[in-house]
Amino acid sequence: MSPSERIDQLIAELTDWRGKTFASIRKSILEADREIIEEWKWMGSPVWSRDGIIAVANAHIGKVKLTFSYGRASQILTSSSTRASKATRDERSIFFEGDKINERALKNLVRAAVDYNQLKLKKKAPAGTRAKVHKSEKT
């Protein structure tokens, strides 16, 4: 089964509000950038990536957790951000029944994560592979 099919199956198995929340999160992430890849990692976690991991989501009893590798997700994604937990390196948003996801903010966060991943790749590229800019091209 492909990762996308596994995510479909997971959502179908979540017959309560968590399935709808999970599906909404997934839809917003995929709409934010058409080149995002769905993966299935760590013994059952949906992961979205492009040039590196963007986010991972999990459904737990009574909540859905979305974790970004980097960012300030918890403060802008939920209507009840006081309930969102904070971490040092990653950023988690925890959704509870009745929480409304700010889809626009989620898409913006995903785009920012893609930009961040691409910037990291450019910095890691060996000097000989970086694009050279001629003095006349600098602005």
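Is R18 buried or exposed? At 16% relative accessibility, R18 counts as buried, where buried means under 20% relative accessible area, exposed means over 50%, and partly exposed covers what lies in between, with a 1.4 Å probe and protein chains only. The model is predicted, so that local features need pLDDT of at least 70 and side-chain atom pairs count only at pLDDT 80 or more, while totals for chains, interfaces and linings use all residues. Residues are numbered from 1 along each chain as its sequence is written, and side-chain values use heavy atoms, with hydrogens and water left out.

**Overall layout**

The chain comprises four helices and five strands, and from the N terminus on its elements follow the order α-α-β-β-β-β-α-β-α. Helices (H or I, at least four residues) and strands (E, at least two) are DSSP runs, numbered from the N terminus. Of the 139 residues of the chain, 39% count as buried. Contact is taken to mean heavy atoms within 4.5 Å, and among contacts between residues at least 6 apart in sequence, 47% join residues at least 24 apart.

R18 itself lies in helix α2. Not counting residues up to four places away in sequence, R18 touches A59, H60, I61, G62, K63 and V64.

Two packed helices are described by the angle between their axes and the distance between the axes. Here axes are lines fitted to C-alpha atoms, for helices over the stretch in contact, and angles run from 0 to 180 degrees between N-to-C directions. Angles under 35 degrees count as roughly parallel, over 145 as roughly antiparallel, 65 to 115 as roughly perpendicular, and the rest as oblique.

Helix α1 packs on α2 at an angle of about 150°, with the axes 9 Å apart, and the two helices are therefore roughly antiparallel to each other. On the α1 side this contact is made by S4, I7, D8, L10 and I11, and on the α2 side by G19, F22, A23 and R26. The residues of the contact of α1 with α2 divide into five nonpolar, two polar and two charged; in this grouping Ala, Val, Leu, Ile, Met, Phe, Trp, Tyr, Cys and Pro count as nonpolar, Asp, Glu, Lys and Arg as charged, and the others, Gly among them, as polar.

The axes of α2 (residues 17-32) and α4 (residues 103-124) come within 8 Å and cross at roughly 50°, and α2 and α4 are therefore oblique to each other. In this contact S24, I25, S28, I29, E31 and A32 of α2 meet E103, L106, K107, V110 and R111 of α4, and the residues involved divide into five nonpolar, two polar and four charged.

K107, found in helix α4, is buried, with a relative accessible area of 18%. Leaving aside neighbours within four places in sequence, K107 is in contact with S28, E31 and A32.

**The nonpolar core**

A nonpolar core is a set of buried Ala, Val, Leu, Ile, Met, Phe, Trp, Tyr and Cys residues joined through side-chain atoms within 4.5 Å. The largest such core has 24 residues, and those with the most contacts inside it are L66 and F68. The elements that give two or more residues to this core are α1 (3-13), α2, β3 (53-60), β4 (63-68) and α4. L66 has its place in strand β4 and is buried, with a relative accessible area of 0%.

| Pair | Residues apart in sequence | C-alpha separation |
|---|---|---|
| L66 and F22 | 44 residues | 9.1 Å |
| K107 and I29 | 78 residues | 6.0 Å |
| Y116 and D51 | 65 residues | 9.2 Å |

**Residues with positive phi**

Most residues other than glycine have a negative phi, and most peptide bonds are trans. Phi of M43 is near 55°, a positive value in a residue other than glycine. M43 is found in the loop between β1 (37-41) and β2 (45-49), and is exposed, with a relative accessible area of 89%. Phi of D51 is near 60°, again a positive value in a residue other than glycine. D51 is found in the loop between β2 and β3, and at 38% relative accessibility D51 counts as partly exposed.
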